[in-house]
Amino acid sequence: MSLLAIKALSVSIGDAAILHDIDLDMRAGEIVAITGESGSGKSMTALAVMGLLPRGAKAKGQIILDGHDILQTPEPALCKIRGKTVGMVFQEPMTALNPVQTIGAQVAETILIHEKTTKAEANKRAAAMLERVGLKVPPSRYPHELSGGQRQRVVIAMAIALRPKLLIADEPTTALDVTTQARILELLRGLVREFGMGLLIITHDLAVVAEIADKIVVMQKGRVVEVGATQDLLTNMQHPYTKALFAASSHLVQLPVHTGSVQLLSAKHITRDYPLPRKTLLGPRPTFRALDDVSFYIDHGERVGLVGESGSGKSTLTRAILGLEDVQSGEITLDGAPVFTGKKPNLAVRRKMQVVFQDPYSSFNPRHRVDRLITEPFHLLETPPTGQARTDAIAKALTDVGLSPDDAGKYIHEFSGGQRQRIAIARALIIEPELIIFDEAVSALDVSVRAQVLDLIADLCRKRPLAYLFISHDLSVVRTVTDRVLVMQAGKIVEQGETETVLTQPKHPYTQALIAAAPQLPQLKQAV
Amino acid sequence: MIRFAAGRLTSLVISLIVASIVIFAVIEVIPGDPAAFMLGVNARPDTIAALRAEMGLDQPVIQRYFAWVAGMLQGDFGTSWTYKTPVSDLIADRIWVSLPLAIYALALSTLIAFPAGIYAASRRGGAGDTAIMGATQLGVAIPNFWFAMILVLIFAINLRWFSAGGFPGWDNPFQAIKSLTLPAIALALPQAAILARVMRSSLLDMLGEDFIRTARAKGLTQRQALWRHAVRNALIPVLTIIGLQFSFLLAGGIIIEQVFFLPGLGRLIFQSISARDLIVVESVVMLLVFVVIVVNFLVDLAYAAVDPRLRTKS
Amino acid sequence: MSRNLIIGAALTTLFIALAAISFLWTPYDIETLDIPGKLQTPNAAHLLGTDHFGRDILSMIMMGARTSIAVALVAVGIGMGLGIPLGLLAAARHGSLLDELIMRGNDLVFAFPSLVIAILITAVFGASAVNAIIAIGIFNIPVFARLTRGAALPLWERDFILAARVCGKSAARISIEHILPNITNLMIVQGTIQFSLGILAEAALSYIGLGAQPPTASWGRMLADAQTLVSIAPHTALVPGFAILLMVLGLNLMGDGLRDWLDPRIRVVRT
């Protein structure tokens, strides 16, 4: 008998149909991955199985979990199933835990809710479960004292405290660094094996899917477009969307060859300390070294990648390069002129640099129209274009990134995430800077959109020599859009060199660990 | 925790010092010659001279300020010019009306607001929620002194359940509490309306948080999730409001005392203003500000008790 | 547009209209006393009755609306005019000594409820409507300063601010171009709430004699006069009380309605 059987599930909220005729079947001990881009309905499917659909959602069909039809089960009975028969792990570990309760109490609560047992007994079992998920801190800690990876382990401990038959994990590693991701995936796999439970994992990351799943379900716009055992599906994709999805994930771009070696940006022995709050009332303030003796350069027209995990100092470096913050020692120069000039920015230097950020939703002032948004860099010019010249510049910038000049009069909320990143690139390019910093610029995008934006970047490089620093945690992306790469760890650049060389023959142990931890898509010839 | 408390204590002391300077400046420096000001234009020069001597006005301002502060630290608030008694005695008599009234009102307000706010949040959009929100909308808009007059009209004049005013003293605690009840209700209900609204919206914010979803996934019912996880988190903003409300209740008490003819600090201060007895005004204002600052300090400590992030934040 | 907004705006407009009309015309002159015609209950000649001096209560309500609105409006103006720039400044210099000073200053003002400020001012300068304005206005400054800072800080973390900084824009320019437009809704909603609190505070100060002085008409003073008469002529206390209640209710409903209409995520502060 199957552990979970979803039959003809349809969900709608108001007039909007979210899921159409979903069918899914899984057995105990099986790892099933649901994948697809944003808006595919994968998370909604998970919430439906938990019986936690948002208010106002209407569901039809059947969800048979361990013999119960979730859609027909009244709420009190559902509460008895949740946490006991089925557990769930969420995407964002930073907010998934109650900030004012100890982690031990939160794990013990799962036990106390479902079993008649003493508090002491529940606490003991909770502590054992926290140990089982590999947490090395005492249960008396509060969530804010833990890192993201540790918090995710607590959430997992809570979900599996009663050894449920099914564990649902909704993007469990998306918010985590690659090395942490690898360990969490390893933990989940071990738990499935040990407890014999089913794992329904929801993720947009096809490399993760390929690595962990026994069975893959591909969803698009609320429908299941393809289902199959992992090996079969990967070697013999049927649906065009599946093929497109996998193709986009391993999308490669062709950069024009970079020649010449005239230095544009130079950073020499940069050190940046941040003061921390005092430990004692009047003692000296301890400091945190965010950048530690960092040196590198970027040539005119050169594309350089910067990889590293969260907390490695990438953002500090970005701010320092952009001249927004001073450094304690060392010097950053652009064409020989220092980028930081105290309170009064040196506009001549600033106009040679622009930046594109990660989050397409926070990159723009929602109260301004596109024309005003993308012409903001004109502030850096001595004589900003006006009248027709301004209109032409706006039209050209928008056309260059594949948008229409008519878009100038619209507000940012009228655009999708991918279009917003195009607008961000238009803003960066409008004053034709020498150097662009792409700060995780494609990380928040769906794979198909990401592929388009990467193509756009390659395209722009073909039109005119463009130097950029491409900051990303995604090695596969860095590999295709950069000539040279810098690897950062804990404020230091531990390795730098030709991208291809560094990624195929890493010398530093940290680079080796990063590459080993990154899940790989199997090479799929027929996918293209 | 100790570090946190020490930090708050430091800012408490600084606030008190700055507040005392402000009050001293307004009362004793701005009028130029406070003695002449207090006695009015028709005062005889020798009376003014006597008051000047008593207030120590021949000394430099800085010295007077420190003498005033030093006196207060020893419980000496000076001597009232009009009552001819130590101000500390005057305050001691009255504070046992004003402070119990404020505490009584705060207790009532909290006791009404918490259940109402929690109930409304747990029945969001339902009839109970709508009724409570409608009532609080009225409560927020009602002037408390007018509400007090209406209460007197209904419960004292028409129904004769309570006396219309006055205070019998604490010799008979039951009578004392009874005579503070209408004033406390008049003070508490409008504040309870505000507090209930804050409680409700704070809870609704919390119910949208990820950790509530996590709790539901563990098998908690919506109500269990609300009680075990949302309420304590929702208390954090609510505590701020309670702290601010205490100062409003204390100050508002001054007005309500007028309606009920209660012999509290309010009466004292108004009589002193009309008698231009600046020594009393200065001391009572300093006392009110002192209580407000101390209560806010206690609220900060309560924060730390509720929120572990404040205790260990490094 | 919600029901709240419509009812609230209607009530508010009504009182503003009453106040505006009073400049041109009131049913009776409120400075003429008519002792024989005192304490009339509402009738055809005096729609809302007369007070203990025989003055027409409707006329006094109209004149009182003027005082209330003027005091509250100017007080909110003071609070916004000083509080918003202070809040923007504190947010722009987040973590600096200046930020700390502004916030500590705010805390300090919060320790002086507007009533206490009014007491201090009155004790030295005597009572007047201007006192009420200053007292309520001073108390409004930290309300707006805190709210502005609180709303501006998360905005300063947003990437579009960083983009503006990359374009060489100064903190002052960013505050005006990028921060201010994004907190306008919040300020409008909070301004409405503070306006209503100002009406309440003005009434309270006038009631205890620290606000508007005779012959200026004021709702709070009308209630003070009515206090001893409440058992024999309840209408003298009920009418001004309802005027305050309805005006404040109208403003609050309008504030809530505006919030729902502009941005339901806005959280206002009420104390």
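## Two domains in chain A

Domain bounds here come from an automatic or database domain assignment. Keep in mind that you're looking at a predicted model. In chain A, that assignment gives two domains: domain 1 covers 4-246, while domain 2 is made of 263-276 + 292-524. How far apart are the centres of domain 1 and domain 2 of chain A? Taken over C-alpha atoms, the answer is 35 Å.

## Where the two domains touch

Now zoom in on the contact between them. Domain 1 of chain A puts in 16 residues, and domain 2 of chain A puts in 15 residues.

Which helices of chain A each supply at least two residues of the domain 1 side? They are helix 6 (178-195), helix 7 (206-212) and helix 9 (240-249). Helix 7 of chain A gives the largest share of that side, with five residues. Sorted by class, the side of domain 1 of chain A that touches domain 2 of chain A has 10 nonpolar residues, plus three polar and three charged ones.

## Over to chain C

Chain C has nine helices and zero strands. If you walk along its sequence, the pattern reads α-α-α-α-α-α-α-α-α. Along the principal axes, the C-alpha atoms of chain C fill a box of roughly 75 × 45 × 30 Å.

What about the inside of chain C? Of its 271 residues, 56% count as buried. Contacts tell you how the chain meets itself: among those in chain C with a separation of 6 or more, 72% join residues 24 or more positions apart.

Definitions and conventions: Residues are numbered from 1 along each chain as its sequence is written. Chains are lettered from A and ligands numbered from 1 in the order in which they are written. This is a predicted model: local features need pLDDT of at least 70, side-chain atom pairs count only at pLDDT 80 or more; totals for chains, interfaces and linings use all residues. Two residues are in contact if their C-beta atoms, placed from the backbone, lie within 7 Å. Helices (H or I, at least four residues) and strands (E, at least two) are DSSP runs, numbered from the N terminus. Ala, Val, Leu, Ile, Met, Phe, Trp, Tyr, Cys and Pro count as nonpolar, Asp, Glu, Lys and Arg as charged, and the others, Gly among them, as polar. A residue is buried if 20 or more other C-beta atoms lie within 10 Å of its own, exposed if 12 or fewer, and partly exposed in between; C-beta atoms are placed from the backbone.
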